[in-house]
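Here is a short briefing on one protein model. Keep the sequence and the structure in view while reading.

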Amino acid sequence: GSRTHRSTLVGTFGYMPPEQLGGTVDRTSDLYALGATALLAAAGAAPSTFLQSDLQLRVPPGLSAGLRSWISRAVAFEREGRFQTAQEALVALDVPVDARPDGKQRRPRVRPLFAIAFIAALGGLAAFGVSPGATADSTEAPPSTTMLPRSTAAPATGSAGAWFERVKTRCNNLQALQVMSREPPPTTFDGAAYGASCLALAGRYDEARQFIDRQPEGARQHAARRVFDLAHPVADNGDDTAAGPMMELVLRYAPDNYMALYHAGIAHYWNGNPDLAKKRLTRFLELYAEYDFFGNNARTVLTRIKDGLGPDPSVGHGEP
């Protein structure tokens with residue numbers, strides 16, 4: 001149902017919303033806990049420190065207007081005043097909350113601040129591997145690529161995205177190294193991701209690996225995700241063979257990216273490398289137990305490999 005009723009109180013004081021004291025919670029209760037965790041990270045003190053006698057959390061001054069507004073809504077006393085879904089909370093990170101004197105809206109840097117706060121709470125930026133030379137664009141924590149779901153390529157935005165849009169027609173085998181030497185990408189997480197993607201698109205996989213290996217650990221994960229986002233639509237549209245080497249590059253830094261495992265395995269099958277195809281597809285099915293096109297196709301290929309049979313045109317490429 002939409003709500004859960006319990007007779008036993010389970011929760012941590014300060015992180016659980018007031019309705020949880022009565023044993024009743026819903027999806028907004030989790031978002032309240034997320035807001036309380038953000039408060040801990042941003043203010044450096046337990047949420048219970050800011051709990052008032054009426055059980056409302058008071059967000060202290062000193063935070064940016066955007067972050068303070070976001071946390072205040074997340075921890076609203078009444079359920080109706082909170083974000084109703086995780087998607088709504090995510091979108092609100094980018095909603096303008098104030099205006100300049102000239103009347104033009106500006107977008108507050110809430111999302112990067114939100115990421116910085118959580119990184120700080122987990123032990124500091126140094127532990128996360130942020131390069132000392134990185135610019136402000138690198139402050140947004142790169143997402144995990146372990147078990148990355150099937151997604152389409154994200155639009156190229158920001159300074160690194162603008163760099164990629166400018167040079168991507170030259171991300172070919174002849175020009176990519178010149179691009180990286182003469183017009184290097186921004187020294188940010190996304191800059192590293194797009195730089196690796198340019199080299200990968202050019203088929204310069206050794207250079208792409210060397211480039212990624214020189215980055216901080218967090219940037220390596222982010223680069224793997226960007227390469228995956230570029231290669232995945234190609235694979236889903238039926239060209240596993242072309243996408244296969246890029247998927248192998250992804251797996252070097254995200255070995256449990258299940259769709260990279262699938263597409264790399266199918267590519268090895270079609271390229272006459274049954275042993276590596278078996279290894280990739282077996283791991284894929286350990287992570288992905290669905291009986292859909294991908295799961296069934298992987299099982300069919302593994303059966304054919306077991307029976308010593310080569311590629312069959314009837315075994316589909318890509319997503320139907």
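Contact here means heavy atoms within 4.5 Å. By that criterion, and leaving aside residues up to four places away in sequence, Pro17 touches Ser29, Tyr32 and Arg82. The model is predicted: local features need pLDDT of at least 70, side-chain atom pairs count only at pLDDT 80 or more, and totals for chains, interfaces and linings use all residues. Residues are numbered from 1 along each chain as its sequence is written, and side-chain values use heavy atoms, with hydrogens and water left out.

**Overview**

- The protein chain has 14 helices and four strands. Helices (H or I, at least four residues) and strands (E, at least two) are DSSP runs, numbered from the N terminus.
- Of its 320 residues, 41% count as buried. Buried means under 20% relative accessible area, exposed over 50%, and partly exposed in between (1.4 Å probe, protein chains only).
- The accessible surface comes to about 16200 Å², with 53% belonging to carbon and sulfur atoms. Areas come from the Shrake-Rupley method with a 1.4 Å probe; for residues, only the protein chains shown count as cover.
- Among contacts with a separation of 6 or more, 56% join residues 24 or more positions apart.

**Loop between S1 and S2**

- Pro17 is found in this loop. It counts as buried, at 1% relative accessibility.
- Pro17 and Ala76 are 59 residues apart in sequence, yet 8.8 Å apart in space, C-alpha to C-alpha.
- Leu21 lies in the loop between strand S1 (3–5) and strand S2 (24–26). Leu21 is partly exposed, at 41%.
- Phe13, Leu21, Leu55 and Phe77 make a nonpolar surface patch of about 340 Å². Patches are made of residues with over 30% relative accessible area and no salt bridge; like charges are joined within 9 Å, nonpolar side chains (Val, Leu, Ile, Met, Phe, Trp, Tyr) within 5 Å.

**Cores**

- A nonpolar core is a set of buried Ala, Val, Leu, Ile, Met, Phe, Trp, Tyr and Cys residues joined through side-chain atoms within 4.5 Å.
- The largest has 53 residues, and Trp163, Tyr262 and Phe284 have the most contacts inside it.
- Apart from this core lies another, of 18 residues, including Ala36, Leu39, Phe50 and Ile71.

**Helix H9**

- Ala208, Phe211 and Ile212 are buried in H9 (residues 205–213). Seen down the helix axis, the buried residues fall within an arc of 95°, so they line one face. The arc is that of the directions from the axis to the C-beta atoms.
- These buried residues pack against helices H7 (176–182), H8 (189–201), H10 (217–236) and H11 (240–253).

**Salt bridges**

- The whole structure holds 13 salt bridges. Each is a side-chain nitrogen of Lys or Arg within 4 Å of a carboxyl oxygen of Asp or Glu.
- Arg209 and Asp206 meet in one (2.1 Å, N to O). Both lie in H9, three residues apart, about one turn of the helix.
- Arg280 and Glu248 meet in another (2.8 Å, N to O). Arg280 lies in H13 (residues 274–287) and Glu248 in H11, so the pair ties together parts 32 residues apart in sequence.
- Asp256 pairs with Arg283, the closest N and O atoms being 3.0 Å apart. Asp256 lies in the loop between H11 and H12 and Arg283 in H13, so this pair ties together parts 27 residues apart in sequence.
- Arg166, Arg170 and Glu183 are linked in a network of salt bridges.
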